[in-house]
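Subject: Structure handover

Hello,

Here is the structure for you to look over. Please open it before reading my notes.

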Amino acid sequence: MLIINRYKCGYCGACVGACPATALELVETWLEVDESCVGCGICTKICPLGALELTEEGET
Amino acid sequence: MKCDLVVVGAGPAGSMAAKTAADEGLDVVLLEKRQEIGDPVRCAEGVGKVALAEMVKPDPSWISAEVRGARIYAPDGTPFVMTEDRAGSEVGYVLERKVFDRMLAMKAAEAGARVMVKTRALGLLEENGVPTGIIALHIGEKIEIEAPLIIGADGIESKVGRWAGIDTVLKPQDIEVGVQFLVQDGKIDGEYCEFFLGNEIAPGGYVWAFPKGKNLANLGIGIQGSRSDPGMSLRLLQRFLKEHMPQAKILEMMVGGVPVSGPIESTTSNGVMLVGDAARQSDPITGGGIINAMRAGVMAGEVAAELVQQGDLSREALKIYEDRWRDTIGKQIARNYSAKELFVTLTDSDLNGLVHSLEGEDVANLELKDLLKLLARQNPKLLWKLRHLRR
């Protein structure tokens with residue numbers, strides 16, 4: 001699952017534009033992910049600040 | 001609430017669309033999801049003087065600096081200079097977007113548009129599959145805004161297009177991601193916008209330093225999404241700063257992504273038009289988006305006024321907007337996309353060779369388009385794919 005580190009996130013929205021599943025939403029100054037996330041990891045790679053991380057299902 | 005047109009997003013594209021349509025007599029509602037218009041900034045703030053002045057009268061309150069041109073550095077440090085004197089240059093003013101964006105929204109308001117901040121679009125209202133407005137959250141309360149036409153000016157993170165079935169997904173190779181610091185340092189060149197090329201410096205992109213006033217500059221980096229790993233933009237910019245301006249103080253930090261996809265297949269759907277970054281109308285070579293966004297906003301606002309009065313807002317009718325932007329700004333966006341596709345494949349030694357090939361040439365007064373032509377002529381083998389530019 002996708003973990004968002006809110007303390008790192010610069011709420012720029014780049015990940016939202018690149019998300020192929022429309023799973024991300026930028027709400028003012030925070031990012032939300034919904035259940036449509038397919039775990040492709042594109043957002044984690046492009047994040048300028050490294051605020052996104054994909055963990056194995058079940059882990060937290 | 002009812003109106004003729006809802007514009008989602010109060011950046012340069014949305015505010016120009018709202019202003020233009022309101023000037024033509026439409027009842028316009030302009031939504032901004034943030035509490036403040038223009039903040040946080042996600043932009044290097046450089047803009048061409050002439051193009052800007054065609055749309056809005058320059059004012060010192062939102063111009064941080066005026067530059068003489070651009071200085072571009074090859075990976076080996078060899079510079080070349082392009083001056084700003086020529087019409088259509090890509091640099092000229094460095095803006096204060098926080099003030100600039102609010103000024104444009106104010107112009108929309110003065111034209112009669114109703115501006116609503118802290119109002120986030122949640123989805124489309126629909127009847128029989130045709131959009132009839134926007135559902136939004138206004139200071140935490142759900143509201144419905146009925147309108148026969150919606151303009152999505154909701155930026156890189158655009159949702160309006162996706163709701164309407166328009167494919168706006170950016171592939172990693174078609175997005176530049178970056179970080180910018182507002183830096184204070186005695187070494188800043190206040191007269192030129194500087195660009196630093198190189199695969200080590202910024203893979204598939206560049207580092208820029210745009211003056212923002214005495215000893216101040218926007219120092220930023222953009223890298224191609226497909227060559228990024230988590231946090232790479234920040235690490236590379238911090239390294240650049242350490243190597244080039246070790247004494248610099250960081251006064252502000254900005255983060256952002258820029259579409260460099262070239263023209264996307266469609267920017268309209270029944271009752272919906274997209275403008276600016278939402279329509280991926282930023283320049284794939286420079287990453288500049290302000291002028292294209294404003295021009296597209298004006299075109300969309302004009303088309304909105306024509307069609308709402310006529311009553312036909314089908315996708316077929318909205319093709320006028322598609323045609324207008326593709327015939328104007330779209331041409332340069334398409335051309336620069338093919339140039340970008342080539343430039344991102346160049347090695348540092350290729351880039352050095354290109355800059356060296358300009359030695360002895362008078363490039364100072366060339367526009368980007370003519371510079372690309374010259375480069376294609378001087379480096380026919382390397383830039384074979386740009387041969388159409390040699391003419």
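Below are the notes on chain A, one proline and a sheet in chain B.

This is a predicted model, in which local features need pLDDT of at least 70, side-chain atom pairs count only at pLDDT 80 or more, and totals for chains, interfaces and linings use all residues. Residues are numbered from 1 along each chain as its sequence is written, chains are lettered from A and ligands numbered from 1 in the order in which they are written, and side-chain values use heavy atoms, with hydrogens and water left out.

Chain A

Chain A has 2 helices and 4 strands. Their order along the sequence is β-α-β-β-α-β. Both come from DSSP runs numbered from the N terminus: H or I of at least four residues for helices, E of at least two for strands.

The radius of gyration is 10 Å, which agrees with the value near 10 Å for a compact globule of 60 residues. That radius is taken over C-alpha atoms, and the globule rule is 2.2 Å times the number of residues to the power 0.38. The C-alpha trace spans about 30 × 20 × 20 Å along its principal axes.

Of the 60 residues in chain A, 47% are buried (under 20% relative accessible area, with exposed over 50% and partly exposed in between; 1.4 Å probe, protein chains only). The accessible surface of chain A is about 3,100 Å², by the Shrake-Rupley method with a 1.4 Å probe. Carbon and sulfur atoms hold 51% of that surface. Among contacts (heavy atoms within 4.5 Å) with a separation of 6 or more in chain A, 49% join residues 24 or more positions apart.

P48(A)

P48(A) lies in the loop between α2 (42–46) and β4 (52–54) of chain A. It counts as buried because its relative accessibility is 3%. Leaving out residues up to four places away in sequence, P48(A) touches C12(A) and several residues of chain B, including V177(B), G231(B), M232(B) and V255(B). C12(A) is 36 residues from P48(A) in sequence, and their C-alpha atoms are 9.0 Å apart.

The sheet in chain B

Three strands of chain B form an open antiparallel sheet, ordered β9-β10-β11. Strands count as paired if DSSP finds at least two bridges between them. The edges are β9 (119–127) and β11 (141–146), each pairing on one side only. Antiparallel strands β9(B) and β10 (residues 130–138) are joined by 8 bridges. One bridge partner pair is E127(B) and V130(B), the latter in β10(B).

Best wishes
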